[in-house]
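Trainee: Can we go through this one together? I would like to start with the helices and then look at a few single residues.

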Amino acid sequence: MESAVSLQEIIGVDKSNPHFTVCKNSQQPGKLQVFFGAALLETIEDDREHPNFKLLLARLYNAGVKPASITSAFAVPYTTLRRWAEALQSGEADRLIRVLA
């Protein structure tokens, strides 16, 4: 018998974030799953030092997800989150690499 998939919601939809949900999947420990509506958008490492983790938080910030939701869910300082988001939005590869390092 197959075990059921259990998703633990980390960030959910609300008035200010009607599209994105970030979850932990019981069958993929150490990973985060990002949904856009009901569609799985991406799966990334649940590791604060991993560049994809930082980029995810920057994309969420730039997409208009409440910064307070992001900072409380992932224990990242607001100033750090904003720095990652601004570097991503700048389009400057050197700046982005420097900020994510």
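Mentor: Start with α1 and α2, whose axes come within 9 Å and cross at roughly 155°. Keep in mind that this is a predicted model.

Trainee: Which residues meet where α1 and α2 touch?

Mentor: From α1 you have F53, L57, L60 and Y61, and from α2 they meet P67, I70 and F74. By type, the residues of that contact are seven nonpolar, no polar and no charged.

Trainee: What does α2 bury, and where do those residues pack?

Mentor: The buried residues of α2, which spans residues 67-74, are S69, I70, T71 and F74. They pack against the strands β1, β2 and β3, and also against α1 and α3.

Trainee: Why would positions spaced like that end up on one side of a helix?

Mentor: An α-helix has 3.6 residues a turn, so residues three or four places apart point the same way.

Trainee: And what happens just after α2?

Mentor: A75 sits there, with a positive phi of about 50°.

Trainee: Let's take α3 next. How does α1 cross α3?

Mentor: The axes of α1 and α3 (residues 78-90) come within 8 Å, and the crossing angle is roughly 85°. That makes α1 and α3 roughly perpendicular, because 65 to 115 degrees is the range for that word.

Trainee: Which residues are involved between α1 and α3?

Mentor: On the α1 side, K54, L55, L57, A58, R59, Y61 and N62; on the α3 side, Y78, L81, R82, W84, A85, L88 and Q89. The residues of this contact divide into nine nonpolar, two polar and three charged.

Trainee: Changing topic: where is D46?

Mentor: D46 is in the loop between β4 (39-45) and α1 (51-62). It counts as partly exposed because its relative accessibility is 30%.

Trainee: What does the side chain of D46 make a polar contact with?

Mentor: The side chain of K24, at 3.3 Å. D46 and K24 are 22 residues apart in sequence, and their C-alpha atoms are 8.6 Å apart in space.

Trainee: Leaving out sequence neighbours up to four places away, what does D46 touch?

Mentor: K24, G30, K31, L32 and F53. F53 also turns up on the α1 side of the contact with α2.

Trainee: Then N25. Is it buried or exposed?

Mentor: N25 is buried, because 11% relative accessibility is under the 20% cut-off. N25 lies in β2 (residues 20-25), and its side chain reaches the backbone nitrogen of Q27 at 2.8 Å.

Trainee: What else is N25 in contact with, leaving aside neighbours within four places in sequence?

Mentor: V5, S6, L7, K31 and Q33. K31 is also among the residues that D46 touches.

Trainee: Last one, F36. Where is it found?

Mentor: In strand β3. F36 is partly exposed, with a relative accessible area of 42%.

Trainee: How far is F36 from H19, C-alpha to C-alpha?

Mentor: They are separated by 5.4 Å, though 17 residues apart along the chain. Apart from neighbours within four places in sequence, F36 is in contact with H19, F20 and L41.

Conventions
Residues are numbered from 1 along each chain as its sequence is written. This is a predicted model: local features need pLDDT of at least 70, side-chain atom pairs count only at pLDDT 80 or more; totals for chains, interfaces and linings use all residues. Side-chain values use heavy atoms; hydrogens and water are left out. Helices (H or I, at least four residues) and strands (E, at least two) are DSSP runs, numbered from the N terminus. Buried means under 20% relative accessible area, exposed over 50%, partly exposed in between (1.4 Å probe, protein chains only). Contact means heavy atoms within 4.5 Å. A polar contact is a pair of N or O atoms within 3.5 Å; within protein, one must be able to donate a hydrogen and the other to accept it, and residues adjacent in sequence count only if both atoms are side-chain atoms. Axes are lines fitted to C-alpha atoms, for helices over the stretch in contact, and angles run from 0 to 180 degrees between N-to-C directions. Angles under 35 degrees count as roughly parallel, over 145 as roughly antiparallel, 65 to 115 as roughly perpendicular and the rest as oblique. Ala, Val, Leu, Ile, Met, Phe, Trp, Tyr, Cys and Pro count as nonpolar, Asp, Glu, Lys and Arg as charged, and the others, Gly among them, as polar.
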